[in-house]
Amino acid sequence: MYLETINSPADVKKLSVEQMNELCGEIRQTLLKKLSAHGGHFGPNFGIVEATVALHYVFNSPEDKIVFDVSHQSYVHKMLTGRKDAFLNPALYDEVSGYSEVKESPHDFFTIGHTSTSVSLAGGLVKGRDLQGGTGNVIAVIGDGSLSGGEALEGLDFAAELGTNFIIVVNDNQMSIAENHGGLYANLKALRQSKGKEPLNLFRAMGLDYTYVDEGNNVEALIEAFQKVKDIDHPIVVHINTLKGKGYAPAEKDKEQWHYCAPFDPEATLRAIGETQKERQEIPEDYAAQTAEYLIKRMREDPRIVAIASGTPAPTGFLPERRARAGKQFVDVGIAEEHAVALASGIAAAGAKPVYGVLSTFIQRSYDQLSQDLCINNNPALLLVYWGSLSSMNDVTHTCFFDIPLICNIPNMVYLAPTCKEEYFAMLEWGLQEREHPVAIRVPFGKMTYSDEPVETDYSQLNRYKVAHRGSRVAVLGLGSFFGLGQAVCALLKEKAGIDATLINPRYITGVDKKLLASLEVDHQLVVTLEDGVIDGGFGEKIARHYGTSDMKVLVYGAKKEFADRYNVKEFLRQNRLTDGQIAEDIMKILGL
């Protein structure tokens, strides 16, 4: 097995083209074995196998610096740079990140997980090299729809001005996470169809040299192309035509579904090819699926409603079948969160009703647009923030617990935190009707929860918290998905200390219910805030600040500010004292019990 002998790129250089082709087959088999057992990014890595092998055959990493965009297609790169055992040995599967990681290897130059960054980052390496009189090639690899992001276009626009060695490999697999959107992809199609000879060329228009490789999954063709551009004295784009998911029939057939995979049975999956799956009659008990169905129903009633996605429609419930049903009332702007927010603001200003669904980890890419384009103009767009939780994605580049401080401190924004399905859909409908402010809703994460209690349908009187149970001495404010934790804490206080605590559902992340908080000073000694996110700049600090000059003691619970990586959720919660037992223990200690 050739892969077992690869300890560095130097070992790749010893192979013949025939042997490298065998290596590519071994790599795909190794990827299949690991990803079927462990999960991970499937299609991007299967599609870039030959290109990665050819890059390491031609260039001399780490002296030549290869920067992968998003880096969810860097698994093969890791195999060839001393980390193969984390793919060959199941006991070591978790030893490497799913993205490039500077702590792992001198062959990784950035910790990257978000999109459209490689051209700018690599451009910085180029400038830094030249300022110091350095040598070596710098290669940016970009694909999977990343060209649609504004930063990628900014990087390309600047690249030509560097005027020195800079190689940009455009991995054109005709896909983003879902299908590509945007006019530039029409130009890529024209370039593919003309074998790179189409006169209208986006890259040449930006002042870049250009070459095309039609067989982007052919090792020999790629080696020839890379050898021609190695040590080049000016910026050039190498446009390679690849097949996402290549080598595994289900991934080639359904590229969107196989962009990322959970663990699966490879044999059963292969047997299922060609079978027609029956459409489910019932909507899954899932917030995303039910939200999409609800919005499609409302679209039929109101032609002004439009759902917006930014390259990740499936996690927000808009699978291909639902996108088709929504028709023109669904828009995917590509991986361009900045544009999505500004577009939503413009749609709202025109009198229509945009609903932008976005994952928590990606909303931070649009901070300026949230502030400048949306909230300063106070346009009534509706944002649905998915997966916001300490229990959500936990790769360091994809953590989902910074959205609360990000959004809740922008003037004019109303950020709501529902506690259950009934409250969420009441807030969603209110958000569709709201015309005074932009509204964001932190969609509950995980399994749906339900309540028998009546929920309000009008949230226009801002910052009114809901008292779920009135007690004394201790008041617990359980925000959104941590309301259940608040219930558990109150139950423990009653059981262990005989304290009948007040339980409050704050509902509004962006404001303080001053009247209610003032009323607690009469018969409460301690207020406890619980939020499923980072503490710094968050909800609890607003409550603590409110009580700053009073005698009220405040305990603020959430996660400490850090870039946490691949943590065990239960242990992470314990480390941040976010279990009901730890919180009850702290409360009783403060009260001297």
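**Reading a predicted fold**

Modeller: Let's start with Val70, which has a relative accessible area of 7% and is therefore buried. Buried means under 20% relative accessible area, exposed means over 50%, and partly exposed lies in between, with a 1.4 Å probe and protein chains only. Before we go on: this is a predicted model, where local features need pLDDT of at least 70, side-chain atom pairs count only at pLDDT 80 or more, and totals for chains, interfaces and linings use all residues. Residues are numbered from 1 along each chain as its sequence is written, and side-chain values use heavy atoms, with hydrogens and water left out.

Colleague: Okay. What is the phi of Val70?

Modeller: General idea: most residues other than glycine have a negative phi, and most peptide bonds are trans. Val70 has a positive phi, near 60°. You'll find Val70 in the loop between S2 and helix H5 (75-83). Helices (H or I, at least four residues) and strands (E, at least two) are DSSP runs, numbered from the N terminus.

Colleague: And Arg577: where is that residue found?

Modeller: In the loop between helix H24 (569-575) and helix H25 (580-590). Phi of Arg577 is positive too, near 55°. Arg577 has 30% relative accessibility, so this one counts as partly exposed.

Colleague: What about peptide bonds: is the one from Ser61 to Pro62 cis or trans?

Modeller: Cis, with omega near 10°. Pro62 sits in the loop between helix H4 (49-58) and strand S2 (65-68).

Colleague: Now cysteines. How many disulfides does the count come to?

Modeller: The rule is a pair of cysteine sulfur atoms within 2.5 Å. By that rule, the count is zero. Take Cys408: the nearest cysteine sulfur, in Cys375, is 12 Å away. Cys408 is buried, at a relative accessible area of 3%.
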